[in-house]
Amino acid sequence: MDIKLIQAQIETDLANAISPQLLEELRVKYLGRKGLIAELTASIPTLAAQERGAFGREVNGLKSKLLTLFAEKEKNLTGSIQGEINNNIDIGMPGIAPTLGSVHPITQIIDEICGIFTRMGFCVVEGPEVETENNNFTGLNIPLEHPSRDAFDTFYLKDYPKLLLRSHTSPVQVRAMKAHKPPLAIVVPGRVYRPDAVDASHLFMFHQIEGFLVDENIRFSDLKGTLSLFAKSVFGRDIKMRFRPHFFPFTEPSAEVDISCIICKGKGCSVCGRKGWLEILGAGMIHPNVFKHVGYDPEKYTGFAFGMGIERIAMLKYGINDIRLFFENDLRFLNQF
Ligand code: PHE
């Protein structure tokens, strides 16, 4: 039996042992109680007397050699970096980078605008998207014959009691005023719904932020100051603002508020329809009938309210020309924000 050949075979086996489990299998095979070394040792007495001495020494030599080789191999395999390399794991290989999501542009604008108002002392409040006809219309002094109550302009869900998808965030005015006494300073972000035909500037669902403030001695100039700070924070210090007389049933006086065109700076371009101004929101002093409906004394309290469309603000701020882009979930679009 050629001990040298056996040792060479064992060395090859050891080199191929790439895990502690495989090494253990080899240990049992060669050094175990019924392993090769034990077998060779047991065969010594069967040899011719003159061969025993030399063969015995060779087997002993092999055994101590194997003990060293196994010990070294074990050290290499367990835990160390060397072990990893022996395990054929390429620790230099770059990992797989996880795809990170990001905040939707509409949510970014909502966060930014709510941040501006909370720094002025407003609270953020939310309301349900399914509303009563009373909160969406009646409580806001919107008369029964008003066209916005028409089924062409509002999604109705149920006849009695009349439930609908809110067509603006103003019903949260009614909810908040019924729940709390003045002073109140609240902003309300949220989704609203209108059965509009979908095109580049209309969707059946969009987002608004409502704001209102009620206390004693609140004047129109408070509204102007608040909105002016808001517009400059969102669009920059140089932005100009103007109030155009308008009508809303729940405010009196009412206004539509424009900012100087952020593209042409007021000179007139295709974005502002050559007017130099862009409409960004509706506003006004809260109508006494709204106060009466919620049980506030209109002689004692005054307040202002405003409401703006978020998609429109986001489109102006980022130069987006189609509202549908926000909701198509196209990553080529969303990744830019
Ligand atoms: N609710 C109005 C709209 O959706 C906006 C508005 C809110 C106007 C508050 C005045 C005061 O058009």
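1. Let's start with one residue. Phe155 sits in the loop that joins helix H7 (133–136) to strand S3 (156–158). Helices here are DSSP runs of H or I with at least four residues, strands are runs of E with at least two, and both are numbered from the N terminus. Please keep in mind that this is a predicted model: local features need pLDDT of at least 70, side-chain atom pairs count only at pLDDT 80 or more, and totals for chains, interfaces and linings use all residues. Residues are numbered from 1 along each chain as its sequence is written, and side-chain values use heavy atoms, with hydrogens and water left out.

2. Which residues does Phe155 touch, leaving aside its neighbours within four places in sequence? Phe155 is in contact with Leu164, Leu165, Tyr193, Arg194, Pro195 and Phe204, where contact means heavy atoms within 4.5 Å. Take Pro195: 40 residues separate Phe155 from Pro195 in sequence, yet their C-alpha atoms are 6.4 Å apart.

3. Now for the sheet. Seven strands form an open sheet in the order S1-S5-S6-S10-S9-S8-S7, with mixed pairing. Its edges are strand S1 (123–124) and strand S7 (241–248), each of which pairs on one side only. Two strands pair if DSSP finds at least two bridges between them.

4. Within this sheet, strand S6 (residues 205–215) runs antiparallel to strand S10 (residues 302–309), and eight bridges link the pair. One example to find on screen is Phe212, whose bridge partner in S10 is Ala305.

5. Next, helix H2 (residues 20–31). Its twelve residues should span 16 Å at 1.5 Å a residue, and the end C-alpha atoms are 15 Å apart, which agrees. The expected span is 1.5 Å times one less than the number of residues.

6. Leu23, Leu26 and Tyr30 are the buried residues of H2. Seen down the helix axis, they fall within an arc of 60°, so they line one face of H2; the arc is taken from the directions from the axis to the C-beta atoms. These buried residues pack against helix H1 (3–16), helix H3 (36–43) and helix H4 (49–77). On the face turned away are the exposed residues Gln21, Glu25 and Val28.

Note on methods
Buried means under 20% relative accessible area, exposed over 50%, partly exposed in between (1.4 Å probe, protein chains only).
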